[in-house]
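Hello,

Here is the structure we talked about. Please open it first, then read the notes below with it on screen.

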Amino acid sequence: MAPNAAASADTFPKLLIRNAQLYGARPAMRHKDLGVWQTWTWAQVLEIVRAYAVGLNRLGLMRGETIAIVGGNRPKLYWSVMAAQILGAVPVPVYADAVADELAFVLAHAETRFAAVEDQEQVDKIMSVMERLPKLEEMVYDERRGLRDYDHSHLRPMDEIIAEGRKALADPSVAAWLDSEIAAGKGSDPSIILYTSGTTGASKGVVMTEERSIKAASDTVAFDHLNENDVALAYLPLAWVGDHYLNYAQGLVAGFCTACPESTDTAMADLREIGPTFYFAPPRTLEQLLTRVMIRMEDAGYLKRKMFRFFIGVARKYGERILNKQPVPLTGRLLYLLGELLVYGPLKNVLGLSRVRIALTAGEAIGPDLFAFYRSIGLNLKQFYGQTEAFLFLTAQPDGQIYSDTVGRTFPNVDLRIAENGEVQYKAPGMFAGYFKDDAKTAEVMTPDGYVKTGDAGFFDEKTGHLKIIDRAKDVGKLNDGTLFPPKYIENKLKFFPNIREAVAYGDKRDFVAVMINIDLTAVESWAERNNVAYGSYQELAGHPQVYDLIEQHVAEVNRSLAQDKKTAGAQIKRFLILHKELDADDGEITRTLKVRRGFVAERYAPLIKALYGGSKEADISTEVTFEDGRKGVISARVKIRDMKTEPVVPAPLEKAA
Amino acid sequence: MRAPGGSEVAVGDVLLSVESVSLSFGGVNAVSDVSFDIRKGEIRAIIGPNGAGKTSMLNVINGFYQPQQGRITFKGETRTKMRPYEAARGGIARTFQNVALFRGMTALDNIMAGRSLKMTKGFVWQLLRYGPAMAEEVAHRRRVEEIIDFLKIQEIRRTPVGRLPYGLQKRVELGRALAMEPELLLLDEPMAGMNMEEKEDMSRFVLDVNDHYGTTIALIEHDMGVVMDLSDRVVVLDHGIKIADGTPDEVKNNQAVIEAYLGVAH
C-alpha cells in the first residue's frame, strides 16, 4: 500500500478513485450468487458506483441528506454507501434483523427521505411503519423477488437506477458534474451515521467524518500490514461499526477485497471457499466453531480421535511458543511440524482459516482456553478493544505480546487514560463528531478537556503495560475498605470453568466478596459419572460435598489469579455457595439474553446473602419457581456455605495465554 | 402487503377440469362422481377428513391412478388414460405426502433430477460431459441455482437429503417439482408434520411460487388455517363425494362441511 496516496485522499470517494487507478484490475468485491462467486474489480466498482450515484441524484438525493441502508452484507448495499458518499449524502445503515419499531425509530430520527433496502422483507417492514415516516419518499431495492406486484411509484430496483445513471453519464457534462461533486467532498464532511444497538437506553446516531475515519483506518492498516492482496469475508452486520470499519473503511484504505457470503447461513462454508487472510470473529463465534469441531471429533474413529488428542496436547505445549517465536526444543518443533501436517493444517482448512494472516477478536471477554486453542494451532488470534465512538481501535495486542486477559497496548495515535473512578477515557484519531441531533448526550460522554468516556472500567497491567477491561464503570463497586470490586470480571473468571454455568458476585459496600454459583449440569453430571458420585436430583448434586470440593478448587484458582494484580487482590472471594436451582429467565433471575440480574437475585435470595455475610455455615431458602407451563411451585433447600482462604498478593511470573 | 392496484396473478381460463370421475379399489369407492375445475393461476385446495379421497384425487389428476369413469381435461385435451410421465411432460409436477426424494443424493442433485425431462442430449453425450452436453448442463444448473436461491436453501446445497430435517426435505421436494417448470403443481400435504414456523415458511413459498412463476397450484392440506389463508378456492371431499366447492369463506360456513368435520348427532 502506498501510504502517501492514502493520506492525500481525505474522503472515501477519492480513495475509491485512487484504488481504481492503483489496483484497477484487482478484485474489490466478491459475492456468491447462484452458487458461483462473482467478482468486481476496483475499476468496475467505481464505474457502477458512479452510475448509481447519478441515478440516486436523479431520484432526488442531495448533498447533506441522509439515506437509510437496510439489509445484509451484499455488494449493492455497500455500493449504496459509496454512492451516497459520492454525492455528499450521509448513509445510515440499519441492522437487517431490526424489528419494525427500531427501524421506524432510526429512519425517523435520521430524517431519511430515501432508503436502499435488500429485499421484500425490508420493504414490508418499512411499509408497516410508513405512518411514522412522513419524510420517507423513495425506496430502492436489490432483490426483486416477491415485489413484482407492489406499487412501483416510489419503489425502484437498484439495477434500474444504476442503468439510468449509466445512460445519463454518457453525457460528458453529467460526468464532469459528478467529478466536481466528488472534488467538492471535504474531509470534515460526515461520512456515515452508525446507530448504536441501544442496550443502554434509546439508540444514538454516532456521526463519523470522512477524514477521521480514513485516518483511523490508515493506522490499523499499517499496524496489521494489510494490503491490496488481502481478502476479508464480510459476514457481520453491515450496520455494526465493526463491519463498517474492518471491511469498508479498511478495504478502501488498503484496497483489499471484501467478499460477501451467499446468505447468512452459508457464511461458514463461504469462509472456507474464500479463504480470507484477514478475519474477525467475536468470542461467541469462535466458541461455536470450536464446539462444532469437538463434537465432530467425538464422532470420529478411534485412531483419528487419538491422533487429534495427542497433537492438540502437543500444540498446547509448544504451539503458542512457536507462534511467539520463543525457544522451543527441537523434538517439540518436529512434533508440532508433524501435527501441522496431520491435524492443525487440515483443521484450519476445514474451518476456512488456512490463509488467515491476521485474526482479531473483541466485544466481550474471551476464555483463556478458547483463546489458547486457536493460537496453539497456529492462528495468530489477537484481541483489541474499541468503541463505536472511537471508530474503532483504542488498544490492540502487538505480535508476540499476547495475553488472554488483556486487550493490548494503547494504539498508535490514541491518547488513553484512566480516570479517578477507574473509567477508561480517550482521544482517538477516528473520534466521532457527535451524536446526531443530540448535543446533550454528546456533552454527557465528553470530559471538559475533550476526552471521551467509554463507560468501561479498566486499568493498565503493571507487568505488561496492557489495558485490562474489568467491567462497565457503573457496575464497578467498592468494598468497605475501599478496594475496587468489579463483579463481572470475577464472574467471568469463574464462568471460564466449564463446571460453572453462572456466577453472581457481591461485594459493593460490603466487607468482602462473596459469590453464588450455579453448576453446569452437563459438565458436572459427566464429572460425577466418571468419579462415581451418586445423586438423585439437581439439588442433591449441587449440594454434594464432593461437588463443593470441585468448585472450591476453581474458586481458589480464581483467587490466585486475582492475587496477581495489586488492584484486584483485595477482591478475592472469601465465601461461596452453590445454588440449589438454576437461575432462570422464566423466574426473572437472568435476562433473555442470559445476563444475570444481580440486584434481583440478591432480593430473591436475601436469606442466602444474609448468611454469606452473617458468618453462618448454612442457610435455609425457599423460592417460588415458575414451570414452563406457567404453574408455580416452591423449592426449599438447605444451602451450605464454604469459606475460602485468600492468597497473599504475589505477582506471579508472567503468564502467557497458553 | 399487496400494494393497491397491484393484482393477484390473473386468474383466468380453466386449466384442468375433472368431470364425474369415479375410482374404486375392489369394492371400495375411493372417489365417486366428482367434478371440479382448476383455473389458470389460482391456488386450489382439496380438503376433507381422513379417507375422503383427497390423495386418490391427486393421483388421478397426475395419472398415477386410472379412473374407472369420468373425464379429465387438461389444457383443452380430454383423456381418460394417462401415464405419470405423460402428465409430467404435459406440465404437471407434484410432491408427495411422504417425502419421496433420493435420500443418498444431495439437495442439488435431487433438484437437478427434476430437470431430466428437459435435457435433450442423449445418454452418451451426457456421459462424455463435453461440448453441447456440458453447455446444456450449465444452463440447467443455472435454473436449478435460481430455484435454490428462491427457496433459500443455499446452505444445504451439498448435503445429502437423508441428513436433512423433515421441513427442509419438504422444501427440496418442492424445489424438484419446480425444476420441471410445471404449469400445474400438485402438493400433497406440503405442511404435514411441520411446526408453526416451518408452516409459515412453506406457506410463504407456496404464495411466492404462485406469484413469481405464475404456477397454478392444487394442494391437499389438513391445517384449516393454512388452507383458508392460502387458497383462492376450496373443494371439500368426504367419503369420496364432493360436498362443497367455493371460496374459503363459503366453504367455512357450509353446513355439510361443518358436519363432515365435526360429526353429526345420530
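Predicted model: local features only at pLDDT ≥ 70, side-chain atom pairs only at ≥ 80, totals over all residues.

**Two domains in chain B**

Start with chain B. Its domain assignment gives domain 1 as 14-91 + 183-266. Domain 2 is 103-181. How far apart do the C-alpha centres of the two domains of chain B lie? They lie 27 Å apart. The contact takes 19 residues from domain 1 of chain B and 14 residues from domain 2 of chain B.

Now the area. Domain 1 and domain 2 of chain B bury about 1300 Å² between them. Carbon and sulfur atoms account for 75% of that. Which three residues of domain 1 of chain B supply more of its buried area than any other three? They are M202(B), F205(B) and Y213(B), with 37% of what domain 1 buries against domain 2.

There are polar links too. The count between these two domains of chain B is 1 salt bridge. Look also at R171(B) and D201(B): their side chains meet in a salt bridge, at 3.6 Å from N to O. Across the interface of the two domains of chain B, 2 residue pairs are in polar contact.

Which elements of domain 1 of chain B each supply at least two residues of the side that touches domain 2? Find α2 (84-90), β7 (184-188) and α7 (196-212) of chain B. Helix α7(B) gives the most, with 7 residues. By class, this side of domain 1 of chain B has 10 nonpolar, 2 polar and 7 charged residues.

**Where chain B meets chain A**

Next, show both chains. Here 21 residues of chain B are in contact with 18 residues of chain A. The area buried between the two chains is about 1700 Å². Carbon and sulfur atoms give 45% of it.

How many salt bridges are found across the interface of chain B and chain A? There are 2. As a pair to look up, take D208(B) and R145(A): their side chains meet in a salt bridge at 2.9 Å, N to O. The interface of chain B and chain A also has 4 residue pairs in polar contact. On the chain B side, α5 and α7 each supply at least two residues. The side of chain B that touches chain A holds 6 nonpolar, 4 polar and 11 charged residues.

**One histidine in chain B**

Go to H140(B). It sits in helix α5 of chain B, residues 132-150. Is H140(B) buried or exposed? H140(B) counts as buried because its relative accessibility is 7%, and the cut-off for buried is under 20%. Leaving out residues up to four places away in sequence, H140(B) touches M112(B), R115(B), K118(B) and M119(B).

**A helix in chain A**

Last, turn to helix α5 of chain A, residues 100-109. A100(A), L103(A), A104(A), V106(A) and L107(A) are buried there. An α-helix has 3.6 residues a turn, so residues three or four places apart point the same way.

What covers the buried residues of α5(A)? The cover includes strands β3 (66-70), β4 (90-94) and β8 (190-195) of chain A, and helix α6 (120-128) of chain A. Just after α5(A), E111(A) takes a positive phi of about 55°.

Best wishes

Terms used:
Residues numbered from 1 in each chain as written. Chains lettered and ligands numbered in written order. Heavy atoms only, no water. Helix = DSSP H or I, 4+ residues; strand = E, 2+ residues; numbered from the N terminus. Buried < 20%, exposed > 50% of the residue type's maximum accessible area, 1.4 Å probe, protein only. Contact = heavy atoms within 4.5 Å. Domains from an automatic or database assignment. Buried area = accessible area lost by both parts, 1.4 Å probe. Salt bridge = Lys/Arg side-chain N within 4 Å of Asp/Glu carboxyl O. Polar contact = N/O pair within 3.5 Å; in protein donor to acceptor, adjacent residues only side chain to side chain. Nonpolar A, V, L, I, M, F, W, Y, C, P; charged D, E, K, R; others polar.
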